[in-house]
Amino acid sequence: MTVGTQMQQAIAGIQSASATMKTFSLETEDVTAKNDFEQIAVQLDSVMDTLKGRQKYIQSQEPQY
């Protein structure tokens, strides 16, 4: 498995986790839990942006990936 494929899988996993947190936030009535889920989603989105930047760098350095 190439580094590019692994990176794409990591990004997809984080996207999925973020979407799950956003769904949990919408479905709960507990204000504290809602805030926690929203904050986790924001953090995951930030990590995803970082990984996407890293993925672009990898692609620029190694176009075959």
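What follows is a walk through the helices of this structure and the contacts that join them.

The model is a predicted one, so local features are taken up at pLDDT of at least 70 and side-chain atom pairs at pLDDT 80 or more, while totals for chains, interfaces and linings use all residues. Residues are numbered from 1 along each chain as its sequence is written, and side-chain values rest on heavy atoms, with hydrogens and water left out.

Helices here are DSSP runs (H or I, at least four residues; strands would be E, at least two), numbered from the N terminus. Helix 1 has 25 residues, and its end C-alpha atoms are 36 Å apart, which agrees with the 36 Å it should span at 1.5 Å a residue. Helix 2 covers residues 31-61, 31 residues in all, and reaches 45 Å from its first C-alpha to its last, close to the 45 Å expected. The expected span is simply 1.5 Å times one less than the number of residues.

Between helix 1 and helix 2 comes a loop, and Thr28 is found there. The side chain of Thr28 reaches the backbone nitrogen of Asp30 at 3.2 Å. Asp30, in turn, caps the N-terminal end of helix 2, with a side-chain oxygen 2.8 Å from the backbone nitrogen of Thr32. Such polar contacts are pairs of N or O atoms within 3.5 Å; within protein, one atom must be able to donate a hydrogen and the other to accept it, and residues adjacent in sequence count only if both atoms are side-chain atoms. Leaving out residues up to four places away in sequence, Thr28 also touches Ala33, Lys34 and Phe37, where contact means heavy atoms within 4.5 Å.

Which residues of helix 1 are buried? Gly4, Met7, Ile11, Ile14, Ser18, Met21 and Ser25 are, buried meaning under 20% relative accessible area, exposed over 50% and partly exposed in between (1.4 Å probe, protein chains only). What covers these buried residues includes helix 2.

The largest nonpolar core is made up of five residues: Met7, Ile11, Ile14, Met48 and Ile58. Helix 1 and helix 2 each supply at least two residues of this core, and helix 1 gives the most, with three. A nonpolar core is a set of buried Ala, Val, Leu, Ile, Met, Phe, Trp, Tyr and Cys residues joined through side-chain atoms within 4.5 Å. Met7 touches Leu51, Arg54, Gln55 and Ile58, not counting residues up to four places away in sequence. With residues up to four places away set aside, Ser18 touches Ala41, Leu44 and Asp45.

How many salt bridges does a search of the whole structure find? The search finds one, by the rule that a side-chain nitrogen of Lys or Arg lies within 4 Å of a carboxyl oxygen of Asp or Glu. Asp45 forms this bridge with Lys22, the closest N and O atoms being 3.1 Å apart. The pair links distant parts of the chain, with Asp45 in helix 2 and Lys22 in helix 1, 23 residues apart. Lys22 counts as partly exposed at 42% relative accessibility.

The count of aromatic pairs also comes to one. Phe24 and Phe37 form a tilted pair, 5.2 Å centre to centre with 55 degrees between the planes. Rings of Phe, Tyr and Trp (its six-membered ring) pair if their centres lie within 6.5 Å; planes under 30 degrees apart count as stacked, over 60 as edge-to-face and the rest as tilted. Phe24 lies in helix 1 and Phe37 in helix 2, so the pair ties together parts that are 13 residues apart in sequence. Phe24 is partly exposed at 35% relative accessibility, and Phe37 is partly exposed with a relative accessible area of 23%.

Lys52 lies in helix 2 and is partly exposed, at 34% relative accessible area. Apart from neighbours within four places in sequence, Lys52 is in contact with Ile11 and Gln15.
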